[in-house]
Amino acid sequence: MDLLEMDNLMKRPLPRRDFLRLGLCAAAGLALPWPALASLGEQAAPERTLSLFNVHTGERLLGANYWVRGEYQPDALAEIDYLLRDYRTDEVQPIDPQLLDMLHRLSRRMGTDSPFSVISGFRSPETNQMLRQAGGGGVARKSLHMSGRAIDIRLPGRELENLRRAAVALRGGGVGYYPRDGFVHLDTGRVRTW
């Protein structure tokens, strides 16, 4: 097809049925909530990586490809689960992949591949209870840390307030701000802030 034929094709009116179908598709796209639209774009990405540093154990995981060509990678997930274990009891719990996806999106939003410093990942019920009794403000009785659905982080070289703002903008779950303790809490519960 030459340029003249393409130009003539572009000038023809769109059939009513095609016009309506196009309008319905556009309306359906607008009806999707932002996190769903963001995750559609995220699904097209060939891989997702994370870099983490456990401040209590000194362990690092740099550029872990935990999602490749549309599938979570069991070996990488196991490495992440281990790094985010309860360091007090050495208990390992599977971490919610949605939480990992939130961290991946957060690192992209912050424009960095630097490792997140992890203050708390998974917490056993015993550790959670101990922290509550020690007067740890903000330690919930039914903390999502106990089911691998929460993480407390900071990002060295970045302002904590900027990290909080970027996390809130994701609208992927709960975001707690603890400037005195130097971390931001993320979880895959309902969208809320404190």
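Because the model is predicted, local features require pLDDT of at least 70 and side-chain atom pairs count only at pLDDT 80 or more, whereas totals for chains, interfaces and linings use all residues. Residues are numbered from 1 along each chain as its sequence is written, and side-chain values use heavy atoms, with hydrogens and water left out.

The secondary structure of the protein comprises 7 helices and 8 strands; helices (H or I, at least four residues) and strands (E, at least two) are DSSP runs numbered from the N terminus. Of the 194 residues, 39% count as buried, where buried means under 20% relative accessible area, exposed over 50%, and partly exposed in between (1.4 Å probe, protein chains only). Among contacts with a separation of 6 or more, 56% involve residues 24 or more positions apart, a contact being heavy atoms within 4.5 Å.

The 8 strands form an open sheet of mixed pairing, in the order β3-β2-β1-β4-β5-β7-β6-β8; two strands pair if DSSP finds at least two bridges between them. At the edges lie β3 and β8 (192-193), each of which pairs on one side only. Strands β1 and β4 (residues 116-120) run parallel and are joined by 3 bridges, with Asn54 opposite Val118 in β4. Helix α4 packs on this sheet, where it touches β1, β2 and β3, and its direction makes about 140° with that of β2. Axes are lines fitted to C-alpha atoms, for helices over the stretch in contact, and angles run from 0 to 180 degrees between N-to-C directions. Helix α5 lies across β1, β2, β3, β4, β5 (150-154) and β7 (183-187), at about 90° to β1.

Within α4 (residues 74-83), the buried positions are Ala76, Leu77, Ile80, Asp81 and Leu83. These residues lie on the same side of α4 because they cover an arc of only 165° around the axis, the arc being that of the directions from the helix axis to the C-beta atoms. Pro74 and Asp75, on the other side of α4, are exposed. The cover over the buried residues of α4 includes β1 (47-54), β2 (60-68), β3 (71-72) and α5 (97-110).

The largest nonpolar core contains 32 residues, and those with the most contacts inside it are Ile80, Leu106, Ile153, Leu163 and Leu186. Such a core is a set of buried Ala, Val, Leu, Ile, Met, Phe, Trp, Tyr and Cys residues joined through side-chain atoms within 4.5 Å. At least two residues of this core come from each of β1, β2, α4, α5, β4, β5, α7 (160-170) and β7, and α5 provides the largest share, 6 residues. Beyond four places in sequence, the contacts of Ile153 include Leu106, Leu163 and Leu186.

Asp187, in strand β7, counts as buried because its relative accessibility is 1%. Its side chain makes a polar contact with the side chain of His185 (2.8 Å) and reaches the backbone nitrogen of Gly189 at 2.8 Å. A polar contact is a pair of N or O atoms within 3.5 Å; within protein, one must be able to donate a hydrogen and the other to accept it, and residues adjacent in sequence count only if both atoms are side-chain atoms.

Gln73 occupies the loop between β3 and α4 and is partly exposed, with a relative accessible area of 26%. A polar atom of the Gln73 side chain lies 3.0 Å from the backbone oxygen of Glu71.
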